[in-house]
Amino acid sequence: MNEVLEKIQKIGIVPVVVLNDAKDAEPLAKALCNGGLPCAEVTFRTDAAEESIRIMSEKYPEMLVGAGTVLTTEQVDRAVAAGAKFIVSPGLNPKIVKYCVEKNIPITPGICTPSEAEQAIENGLEVVKFFPAEPAGGLKMIKAMAAPYTGLKFMPTGGINAANVKEYLAYDKILACGGSWMVKGSLVEAGEFDKIETMTKEAVEIVKEVRG
C-alpha cells in the first residue's frame with residue numbers, strides 16, 4: 001500500500017475540514033496536531049481551501065494534509081502544488097482517478113456500489129472512500145461489499161461521529177474514517193480551537209481503544 005495511505009491507516013480518523021477563511025488554517029492545524037491527529041482533508045469547496053492547504057503544509061510539515069471534494073484535474077494540480085499529499089473525491093470520476101494514478105498521487109474516490117468498486121480495482125486502487133457512509137447503508141453495506149472484493153479497503157465518510165466511529169474502526173476492512181464532528185465549521189468560525197483540540201484528543205482515544 002502507498003506510504004501516505006499507510007500513515008492514514010495508523011492515524012485512524014481523517015478530520016474533514018471546511019475552511020471559509022485561510023486565517024483559521026494555522027490555529028486549526030495546531031489544534032489537530034496537539035490533539036494527536038496530524039491529518040486533515042481540506043475540502044476544495046471554498047475559495048480559502050488552496051491557501052489553507054499551503055499554510056497547514058508549510059507551518060506543520062509533519063502534518064498529512066490532503067484535498068477533498070476534488071472534481072477536476074485542474075483542482076488536483078492546484079491542491080498538490082499547495083502541498084496536498086493525497087486527493088479525495090466524492091465520487092469516482094475515471095478521468096481524475098487515471099490522472100492521479102499516472103502522476104503517482106494517492107487518491108481515494110467515493111464509491112457506494114459494486115460497479116464503482118470494480119472501476120476502482122480496475123484502476124489499481126486498494127482504498128476507496130465509502131460515501132455518503134450512513135445514508136448509503138453504513139457498516140452493513142461496507143461488509144456486504146467487502147466480501148467479494150477482498151483486496152479493497154474503505155474510508156467511510158458521511159454521518160460518522162463520536163457515537164458510531166468505534167464500530168466502523170473495529171472492522172478490519174476499514175482503513176480509517178473521515179469525520180467532521182471535531183472540526184465543525186461553527187467551532188472553527190467561533191475560534192474555539194481549544195474545544196477542537198479536546199474533541200480531537202477524545203477521537204484519538206477512541207482509535208486507541210479500538211485498535212490498540
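Helices (H or I, at least four residues) and strands (E, at least two) are DSSP runs, numbered from the N terminus. The model is predicted: local features need pLDDT of at least 70, side-chain atom pairs count only at pLDDT 80 or more, and totals for chains, interfaces and linings use all residues. Residues are numbered from 1 along each chain as its sequence is written, and side-chain values use heavy atoms, with hydrogens and water left out.

Start with Ala31. This residue sits in helix 2 (residues 25-35). Its relative accessibility is 3%, so Ala31 counts as buried (under 20% relative accessible area; exposed is over 50%, partly exposed in between; 1.4 Å probe, protein chains only). Ala31 and Phe193 are separated by 162 residues in sequence, yet their C-alpha atoms are 5.9 Å apart. Contact here means heavy atoms within 4.5 Å. Leaving out residues up to four places away in sequence, Ala31 touches Phe193, Ile196 and Glu197.

Next comes the nonpolar core (a set of buried Ala, Val, Leu, Ile, Met, Phe, Trp, Tyr and Cys residues joined through side-chain atoms within 4.5 Å). The largest one has 81 residues. Ile8, Ile13, Leu28, Met56, Ile87 and Phe154 have the most contacts inside it. Helix 10 (residues 193-211) gives the most to this core, with 7 residues. The partners of Phe154 beyond four places in sequence include Ile111, Val128, Phe130 and Leu175.

Now turn to helix 5 (residues 94-102). Ile96, Val97 and Cys100 are buried there. They lie on the same side of helix 5 because they cover an arc of only 100° around the axis, taken from the directions from the helix axis to the C-beta atoms. The face turned away from that buried side carries exposed Lys95 and Glu102. The buried residues of helix 5 pack against helix 4 (73-82), strand 4 (86-89) and strand 5 (107-111). Both ends have details of their own. Asn93 caps the N-terminal end, with a side-chain oxygen 2.9 Å from the backbone nitrogen of Lys95. Just after helix 5, Asn104 takes a positive phi of about 60°.

How do helix 4 and helix 5 pack, and at what angle? The angle is about 35°, and the axes are 9 Å apart. Axes are lines fitted to C-alpha atoms, for helices over the stretch in contact, and angles run from 0 to 180 degrees between N-to-C directions. Thr73, Val76 and Asp77 of helix 4 meet Lys95, Ile96, Tyr99 and Cys100 of helix 5. Thr73 is buried, at 19% relative accessible area.

Methods. Polar contact = N/O pair within 3.5 Å; in protein donor to acceptor, adjacent residues only side chain to side chain.
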